[in-house]
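Here's a quick briefing to read alongside the model. Have the viewer open and follow along.

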Amino acid sequence: MANENIKTMGFHHIALKASDFEKSLEMYKALGMKEYARWGDSEKTIALLDIGDGGKIELFSNGGDEYSENGKWNHFAMSVDDVEAAYQTALKAGFKPHIPPKVVPLDSSPKKISINIAFVIGPNNEQVEFFKEV
C-alpha cells in the first residue's frame, strides 16, 4: 500500500540504545542481520544493521537502562516467511522467549485478516516480533 501524501515515504530504521553493545550486535547478527555501517568512538559507537529488506536497526552503545527523552518504543516487528523458524533462531541466538508462535484472527476492517506472530525479548529488554499475515 503506497503512501498517498508523501509518495516516496518508506521505513528506514528504528533506533535502539543498547546496554551491552557487543552482545546486542552479536545477537542481532545471529538473526542474519548484516552490519551496514558503523561510526563513532569508544564513548559512543553506533552501528546500522540491515534487517534484510533494506530496513535497518540503528544500535547505540552506552544505552544503560534509562529511557530516551523521546520515550521507549514498545516493540518492533519484522516480516518473516516462517514465524516458528525465526522464533527458534532468535532463541538459539540468546533472545528470551516471550510469546511463542500463534495464529491470531483479527476482527479487523475494512479487511479481515489473521496473523501468525511470536515475540522474543532482546538483550536490552526490547520486544522483537516476528510477523506474517496468513
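How many of the 134 residues of the protein count as buried? The share is 36%, where buried means under 20% relative accessible area, exposed means over 50% and partly exposed is in between, with a 1.4 Å probe and protein chains only. Bear in mind that this is a predicted model, in which local features need pLDDT of at least 70 and side-chain atom pairs count only at pLDDT 80 or more, while totals for chains, interfaces and linings use all residues. Residues are numbered from 1 along each chain as its sequence is written, and side-chain values use heavy atoms, with hydrogens and water left out.

**Overall layout**

- The protein has two helices and eight strands; these are DSSP runs numbered from the N terminus, with helices being H or I of at least four residues and strands being E of at least two.
- Reading from the N terminus, the elements go β-α-β-β-β-β-α-β-β-β.
- The C-alpha trace spans about 50 × 40 × 25 Å along its principal axes.

**The sheet with β1 to β4**

- Here four strands make an open sheet with mixed pairing, in the order β1-β4-β3-β2; two strands pair if DSSP finds at least two bridges between them.
- β1 (13-17) and β2 (34-40) stand at the edges with a single partner strand each, so one side of each has no neighbour in the sheet.
- From one strand to the next, the twist averages 20 degrees, using axes that are lines fitted to C-alpha atoms (for helices over the stretch in contact) and angles from 0 to 180 degrees between N-to-C directions.
- β2 and β3 (residues 45-50) run antiparallel and are joined by six bridges, and they form a hairpin with four residues between them.
- Two places to look in that pairing: R38 has A47 in β3 as its bridge partner, and E35 stands opposite L49.
- β3 also pairs with β4 in the antiparallel sense, over five bridges, and L48 has E58 in β4 as its bridge partner.
- The β3-β4 hairpin has five residues between its strands, and G52 there takes a positive phi near 130 degrees.
- In a regular strand, side chains alternate between the two faces of the sheet.
- For β3 both faces are covered, with T45, A47 and L49 buried on one side and I46, L48 and D50 buried on the other.

**The sheet with β5 to β8**

- Four strands form this open sheet too, in the order β5-β8-β7-β6 and with mixed pairing.
- β5 and β6 are the edge strands, each pairing on one side only.
- Neighbouring strands are turned by 20 degrees against each other on average, with direction ignored.
- Seven bridges hold β6 and β7 (residues 114-121) in an antiparallel pairing, and K96 stands opposite I121 in β7.

**Rings and a charge**

- A search of the whole structure turns up two aromatic pairs; Phe, Tyr and Trp rings (the six-membered one for Trp) pair if their centres lie within 6.5 Å, and planes under 30 degrees apart count as stacked, over 60 as edge-to-face and the rest as tilted.
- Y28 and F76 make a tilted pair, 6.3 Å centre to centre with 35 degrees between the planes.
- That pair links distant parts of the chain, with Y28 in helix α1 (residues 21-30) and F76 in strand β5 (residues 75-79), 48 residues apart.
- Y28 is buried at a relative accessible area of 0%, and F76 counts as buried at 8%.
- Y28 and F95 have ring centres 5.3 Å apart and planes at 80 degrees, so this pair is edge-to-face.
- F95 sits in the loop between α2 (83-93) and β6 (96-105) while Y28 lies in α1, so the pair ties together parts 67 residues apart in sequence.
- Ring pairs link Y28, F76 and F95 into a cluster.
- Elsewhere, the charged end of K56 sits over the ring of Y36, 4.5 Å from its centre; the criterion is NZ of Lys or CZ of Arg within 6 Å of the ring centre and within 35 degrees of the ring normal.

**The largest pocket**

- The largest pocket holds about 430 Å³ of space; a pocket is an open set of points on a 1 Å grid over the protein atoms alone, where a 1.4 Å probe fits, with protein on both sides within 12 Å along at least five of seven lines.
- Its volume is the space filled by probe spheres set on the points, which are joined across faces, edges and corners.
- Of the 22 residues lining the largest pocket, M33, I51, M78, S79 and V80 are the closest to its centre; a lining residue has an atom within 4 Å of a point.
- β4 (56-60), β5 and α2 are the elements that give two or more residues to the lining, and β5 gives the most, with four residues.
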